[in-house]
Amino acid sequence: QRAGALGAAATWARHQTQMGRLHLLFAPAEEVLARARAVRDALETGERGADRGALMLDGSMIDEASRKLAAQVIARAAASGAGDA
């Protein structure tokens, strides 16, 4: 729990029996996962120019960097069993 509170995304396990608990501890919060999915969906279906620039989502600008961060959150959730991709 301390590692997660300090911003770590993972930690070492001494035995494979610890993996389930660690996956749960490092899974993204439901609100974070929901936002990541919203970013992904908005960028996949949103109206963007030919250069595929930024767009607005809930009053915030999102772009390719936002998509990459969202993809990491979604992948971490999928790895932990907390959500589907």
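Let me start with a leucine: Leu-69 is exposed, with a relative accessible area of 55%. On that scale, buried means under 20% relative accessible area, exposed means over 50%, and partly exposed is in between, using a 1.4 Å probe and protein chains only. Leu-69 lies in helix H4. Helices here are DSSP runs of H or I with at least four residues, strands are runs of E with at least two, and both are numbered from the N terminus. In space, the C-alpha of Leu-69 is 9.5 Å from that of Arg-40, and the two are 29 residues apart in sequence.

Before going on, a word about what we are looking at. This is a predicted model, where local features need pLDDT of at least 70 and side-chain atom pairs count only at pLDDT 80 or more, while totals for chains, interfaces and linings use all residues. Residues are numbered from 1 along each chain as its sequence is written, and side-chain values use heavy atoms, with hydrogens and water left out.

Now the overall layout. The protein has four helices and two strands, and along the sequence they follow the pattern α-α-α-β-β-α. Of its 85 residues, 22% count as buried. Let me also mention contacts, meaning heavy atoms within 4.5 Å. Taking contacts with a separation of 6 or more, 46% are between residues 24 or more positions apart.

So what makes up the largest nonpolar core? By nonpolar core I mean a set of buried Ala, Val, Leu, Ile, Met, Phe, Trp, Tyr and Cys residues joined through side-chain atoms within 4.5 Å. The largest one has 12 residues: Leu-33, Ala-36, Val-39, Ala-42, Leu-43, Leu-55, Leu-57, Ile-62, Ala-70, Val-73, Ile-74 and Ala-77.

Ser-66 counts as buried, at 18% relative accessibility. If we leave aside neighbours within four places in sequence, Ser-66 is in contact with Val-39 and Met-61. For contrast, go over to helix H3 and find Glu-44. Glu-44 is exposed, with a relative accessible area of 60%.

On to the charged pairs. How many salt bridges are there? If we count a side-chain nitrogen of Lys or Arg within 4 Å of a carboxyl oxygen of Asp or Glu, the count comes to three.

In one of them, the side chains of Asp-58 and Arg-35 meet at 3.4 Å, N to O. Asp-58 sits in the loop between strand S1 (55-57) and strand S2 (60-62), and Arg-35 in helix H3 (residues 30-45), so this pair ties together parts that are 23 residues apart in sequence. Asp-58 is exposed, with a relative accessible area of 69%, whereas Arg-35 is partly exposed at 31%.

Another salt bridge joins Glu-64 and Arg-67, whose closest N and O atoms are 2.5 Å apart. Both residues lie in helix H4, three residues apart, or about one turn of the helix. Glu-64 is partly exposed at 34%, and Arg-67 is partly exposed at 33%.

Then there is the pair of Asp-41 and Arg-40, with a salt bridge of 3.1 Å, N to O. Asp-41 counts as partly exposed, with a relative accessible area of 35%.

Last topic: empty space. Rolling a probe the size of a water molecule over the atoms shows where empty space is left. A pocket here is an open set of points on a 1 Å grid over the protein atoms alone, where a 1.4 Å probe fits, with protein on both sides within 12 Å along at least five of seven lines; lining residues have an atom within 4 Å of a point. Its volume is the space filled by probe spheres set on the points, which are joined across faces, edges and corners.

The largest pocket holds about 150 Å³ of space. Helix H2 (19-26) and helix H4 (64-80) are the elements giving two or more residues to its lining. Which element gives the most? That is H2, with four residues. If you want to find the pocket on screen, its lining residues include Met-19, Phe-26, Arg-76 and Ser-80.
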